[in-house]
Amino acid sequence: MAVLAVAGTLAVTGPASAHGPGNGAPGADLGPNVIVLDPSMPQDQIQAKVDAIANQQVPSQFGDARYAILFKPGTYGSAANPLRFQVGYYTEVAGLGQDPGDVVINGAVQVFNQCFDDGCTALVNFWRSLENLTINVAGGEGCQTATEFWAVSQAAPMRRVAVNGNSSLMDYCSGGPQYASGGFISDSTFSGNVVSGSQQQFLVKNGTLNGWSNGVWNQVFSGVVGAPATSFGQPGGQPYTTLDTTPVTRERPYLYLDAQGKYQVFVPAAQRDSRGASWADGHTPGRSVPLDKFYVAKPSDSWGRLNGALMSGKNLLFTPGVYRLDKTLTVSHPNAVVLGLGLATISPTRGNVAMQTLDVPGIDIAGLIFDAGEQNSPALLRLGTGLSTLDGTLRHPLLSSASNPTALQDVFFRVGGEHVGKVTQALVVNTNNTVLDDIWSWRADHGTGVGWTVNTARNGVVVNGNDVTATGLFVEHYQQYNVIWNGERGKTVFFQNELPYDAPNQAAWMNGSKPGYAAYKVADGVKTHEAWGLGAYIYTNVDPTLHASSGFEVPVRPGVTLHSVLTISLNHAGTIDHVVNDVGGAVTPDFQGPAFLVTFPSP
């Protein structure tokens, strides 16, 4: 389903402190599309600003405009006069405090369904974010009264948010069918009930809940106080999989204002076996990096300027916009931070890898979209060089640090949709001890530049490193294996996949003698791998007779275990013959499913 794009940039004017040099803090110029709001501003001015951005961005699924709306510490709105607004495409809304309680919005920050000829849904509500503030839910009329609506699908994270009041992850106030295909919440707390509703799958990680309504196919809770108990596969139970703690996590870096009113970027420390919000008992553990240690990038910057800053040891802050680059950006220094504001987007233009890291520890890359160009790139983002020894094992001389892992948070990959895009493998992870936290790797199924021989892409995520943990892995529509996991001791907490829609016939989608490709492949030689909450769906709308032999393909040995695994056939189109390898029943055009396995192999 496509949505009309609105191109261009919105002119949002305001006091000098919110724009241009200074941009609300001494020495900072974050560009015209970073909107810094101050609690001293009249509320009608704030409301006009956020509404103007929403009016442009809500329908702009494939536009180039990008925005970050940043709230300085303080209180906005009141119970009598609440601040309520929508968040559209390519819009980041975030507080500039060190902790979520430093910015308080009395009102709601919301995402609603979009309505098309075939009804109103949230299925394409992608590419937006909400972070680092408190919402005291207030206002609204009729069906929307006193509820925070966040009706999203992939690539729309909520992080470090405290919601005081009731919330809904579906928009039940508009016309049907009201479907949603999200989503991801991390490091957040909810004092009221959360309505999951039509959300087909969801991951909630490291926070607090006070009620969760239901599930459709796959709901995973990891390190969440108040989470419902595991009931996946139980007769009459909900599709819940609950882990008491999260094995490894590293929260996303964020921009904030210190006590002197200067910008810092806070880089949270890695956590192991963690539970609850990182800020529940005080400041999140980690380190602050002054903004003067960053090169603040603008879309007009050349590759040479950006890469030169990285090579000189600067961190990189991408201000909102689209960065079209004809050479590879190389992140070469240990502990480097590469952070995007407003879902800044990097697109290679000459078949180059968009970004490459070298073999150093502790790199953190967050808040970016990598958008494939018309010339085929071997990869969009490659972590580590993948140099190998004579025996064929990966060589990582410096970067293996369990206490200081390399991390990606809210990093999204797109192949087609806005324009023709081509890539061989979108994300390649050669580094050990790496955290992949909320990754959506998407070969487009709608938009511009879409077709089996048009937006070609073999694999969405390839993991070659050891001790890699994925928390929130969404990978869709790639033409061969969507995920290939070659490294040892890998862990995945939540996986969502749709197989490719558009193979023209079975002959075009064969894995040797097997029909189709599994969504998630653990390499035959891997000895240890564990994963929880895995879903693979098929919808082959060009040829509904297509088969995939299995949703998941793994070696059968004691160290490889999958928990809560399911397959689905959508809209009476396509068949998955088995769930894992040759085990589990088929889902077909006549039986949507789910077919599921509580554990593979069976205990």
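## Getting started

A residue counts as buried when its relative accessible area is under 20%, as exposed when it is over 50%, and as partly exposed in between, using a 1.4 Å probe and protein chains only. Trp 127 is buried by this rule, because its relative accessible area is 1%.

The model you are looking at is predicted: local features need pLDDT of at least 70, side-chain atom pairs count only at pLDDT 80 or more, and totals for chains, interfaces and linings use all residues. Residues are numbered from 1 along each chain as its sequence is written, and side-chain values use heavy atoms, with hydrogens and water left out.

## The chain as a whole

The protein chain holds two helices and 47 strands. Its radius of gyration is 22 Å, close to the 25 Å that the globule rule gives for 603 residues, so the chain is as compact as a globular protein of that length. Here the radius is taken over C-alpha atoms, and the globule rule is 2.2 Å times the number of residues to the power 0.38. Helices (H or I, at least four residues) and strands (E, at least two) are DSSP runs, numbered from the N terminus.

Along the principal axes, the C-alpha atoms fill a box of roughly 65 × 60 × 45 Å. Of the 603 residues, 63% count as buried. Contact means heavy atoms within 4.5 Å; among contacts with a separation of 6 or more, 68% come from residues 24 or more positions apart.

Helix α1 covers residues 43-57, and its 15 residues should span 21 Å at 1.5 Å a residue; its end C-alpha atoms are 21 Å apart, which agrees. The expected span is 1.5 Å times one less than the number of residues. Buried residues of α1 include Ile 46, Val 50, Ile 53 and Ala 54, together with Lys 49 and Gln 57. The cover over the buried residues of α1 includes β1 (34-37), β2 (67-71), β3 (74-76), β4 (83-86) and β5 (91-95).

In the loop between α1 and β2 you will find Pro 59, which is partly exposed at a relative accessible area of 28%. Pro 59 and Asn 125 are 66 residues apart along the chain, and their C-alpha atoms are separated by 9.7 Å.

## Backbone details to look for

Most residues other than glycine have a negative phi, and most peptide bonds are trans. Trp 127 is not a glycine, yet has a positive phi of about 50°; this residue lies in the loop between β8 (119-121) and β9 (128-137). Asp 410 also has a positive phi, near 50°. Asp 410 sits in strand β32 (residues 406-415) and counts as buried, at 2% relative accessibility.

Two cis peptide bonds are worth a look. One joins Gly 593 and Pro 594, with omega about 10°, and Pro 594 is in the loop between β46 (575-576) and β47 (595-600). Another joins Phe 600 and Pro 601, with omega about -10°, and Pro 601 belongs to the segment after β47.

## A stop at Val 248

Val 248 is part of strand β19 (residues 246-250) and counts as buried, at 9% relative accessibility. Leaving aside neighbours within four places in sequence, Val 248 is in contact with Gln 271, Arg 272, Val 435, Thr 469 and Thr 471.
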